[in-house]
Amino acid sequence: AHCKEFFFCGQEPFVADEYIERLAWRTPGGGSRGGEAFDPKRLLEEFVNHIQELQVMDERIQRKVEKLEQQCQKEAKEFAKKVQELQKSNQVAFQHFQELDEHISYVATKVCHLGDQLEGVNTPRQRAVEAQKLMKYFNEFLDGELKSDVFTNSEKIKEAADIIQKLHLIAQELPFDSLMGFCCYPLSSPGKYHDLECQLIQEFTSAQRRGEISRMREVAAVLLHFKGYSHCVDVYIKQCQEGAFLRNDVFEDAAILCQRVNKQVGEIFSNPETVLAKLIQNIFEVKLQSYVKDQLEEHRKSDAEQYLKNLYDLYTRTTNLSSKLMEFNLGTDKQTFLSKLIKAIFISYLENYIEVEIGYLKSRSAMILQRYYDSKNHQKRSIGTGGIQDLKERLRQRTNLPLGPSIDTHGETFLSQEVVVNLLQETKQAFERCHRLSDPSDLPKNAFRIFSMLVEFLCTEHIDYALETGLAGIPSSDSKNANLYFLDVVHQANTIFHLFDKQFNDHLMPLISSSPKLSECLQKKKDIIEQMEVKLDMGIDTLNCMIGQMKHILAAEQKKTDFKPEDENNVLIQYTNACVKVCGYVRKQVEKIRNSMDGKNVDTVLMELGVRFHRLIYEHLQQYSYSCMGGMLAICDVAEYRKCAKDFKIALVLQLFDTLHALCNLLVVAPDNLKQVCSGEQLANLDKNILHSFVQLRVDYRSARLARHFS
């Protein structure tokens, strides 16, 4: 027991080394406890005894294992036997189930056969009963006295209608020349049939007025087999519209009515989509067509503007109504159905729409322009009709435009933002109407015609005319106090063309982007731009006027004594008065050019002006002789001109004035240093004649010493 307790102590896995260690530690004299002497004999004895105990324990456990194995084998055999018995029972049950299933199938077949036999007997019996009843009602009709409750009771109108419908069909199938047919003629004639039909429609009408949906559904179901069923639908549609169009907005009323009927019609009729479609057709062909005609015919011949506005508004509201109706079930192809209804209303107005549009746009644009010129008390002059090549040739030859002699515009540019906005607004509205009212196949062509009107009146009759007039008003280069209004024309024309280009991209491009007309419009726009640029280039003559003004300032303000003062020691100014006025004038013109143009045009014009400005100052300085102090003053003037040239922000212009400033140093440098200065960085590449021409301007040039040093 001691060995068993020691062997199974703890829950950890068995480890032999730890087990021997624990055994030695618990044995007195084992040497594991502190303070005890090691006794190997005692330890050996303890090990021998312990081994014997383990052997006994092993035998006991082995016997127990064998016993458990035998017991397990016995139970396994019993379980296998039990499973076999259950399998046999299951097979028996499955066989019973198959037999039962076959029996049930057999019984079901018999029942079905019996049902068919009963039905075969019952159907002729029911037909015979119905035939007997019909014969009874037939006798009453022949006697002329309807005594049956089904004919006298108004609440049984449904049953009476069914009977009369059947008798009516039977009577129609019998030939009139036979005795039976002759007797049945009262039933085949429309009299009683029609009376009952009218009675049913009247009942349906009364039920609709009372709002009795269930009764309406019953009567409609009965009338479904009568010829007057369509009349019942017509009555329903007519009564639906009573009191529905009381407001001014017929389109909103129609939408509300259709929405209300859509919820109701399915509860009454077996074919609701047909009834709703017939209601919509009636609204379009009666209410809307009459309303559209009244609104358009009033202005069709007298007021084109109001006619176009009304046409656009009515067509838009009609298509919006159609979009709302698309939500309802109207049959298979409701898109085509609604499109045909819209086309039927507007076809007579849309056929010639674009002609009315172009005619109105032309007259309206002409009126806007004429009203503007009248406000300026200006009579338009005829302008040249030459093409692009003719303009380019005139530009190359720098000839005047064919407007006759130069005219004075009194500072008027003949360009108006208000006129431009009005023209663009009219065209924008025309594009919108064109998009809505044009047939898709005609849309690009119609849009191009509207664009052509815009080009004619905005670009040709207004912008181009202003440019021509501005060019004709450019003064000659030798005129005094010239007013350069052409730059104002350029500035306004540039702004206007940006607006024109924006409308081209925003409103025209979406209409023609996928058609051959796109390339035609782009080419037309390109021609317009090129023609205007050519005329703007012709306005370069304005620069001649600027240079002319500078010449007048220099001639009036520059004195010979400025650069050869009588008293060399009493010069109090930093630069001459002529320089101050010229620089002030140039700065104003540079600012004006920057405000009038944009993009690369600014740099191109400023470069041309800067080069001419440099040439003017260069030639101007060549006219005077310079003393030492006068040369210093000339250098100061050129330094101020160079500051002014920086405003151009053109590298070439600044470089020219830097070189001119270096040339002016030749006017004051000591004779011994002339060669050194001429070989400097800025003057080394210049022609020797240019250097010589500046040295000759010195008052002391005649001295042999200076001439010798320069040579």
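Which residue caps the N-terminal end of α27? The cap is Asp687, a side-chain oxygen of which lies 2.8 Å from the backbone nitrogen of Asn689. Helix α27 itself spans residues 688-695, and its buried residues are Leu691, Ser693, Phe694 and Val695; here buried means under 20% relative accessible area, exposed over 50%, and partly exposed in between, with a 1.4 Å probe and protein chains only. Helices (H or I, at least four residues) and strands (E, at least two) are DSSP runs, numbered from the N terminus.

This is a predicted model, in which local features need pLDDT of at least 70 and side-chain atom pairs count only at pLDDT 80 or more, while totals for chains, interfaces and linings use all residues. Residues are numbered from 1 along each chain as its sequence is written, and side-chain values use heavy atoms, with hydrogens and water left out.

Taken as a whole, the protein has 28 helices and 0 strands, and 38% of its 711 residues count as buried. Among contacts (heavy atoms within 4.5 Å) between residues at least 6 apart in sequence, 74% join residues at least 24 apart. The unreviewed UniProt entry annotates residues 51-89 as "coiled-coil region", an annotation that may be inferred rather than shown by experiment, with positions given in the numbering used here and feature names shortened. In the model, that span is 100% helix and 0% strand, and its end C-alpha atoms lie 57 Å apart.

Two single residues show opposite surroundings. His620, in helix α23 (residues 600-621), counts as buried because its relative accessibility is 6%. The side chain of His620 makes a polar contact with the side chain of Gln558 at 3.1 Å; such a contact is a pair of N or O atoms within 3.5 Å, where within protein one must be able to donate a hydrogen and the other to accept it, and residues adjacent in sequence count only if both atoms are side-chain atoms. Leaving aside residues up to four places away in sequence, His620 touches Leu554 and Gln558. Pro516, by contrast, lies in the loop between α19 (486-512) and α20 (517-538), and counts as exposed because its relative accessibility is 74%. The C-alpha atoms of Pro516 and Pro444 are separated by 8.3 Å, although the two residues are 72 residues apart along the chain.
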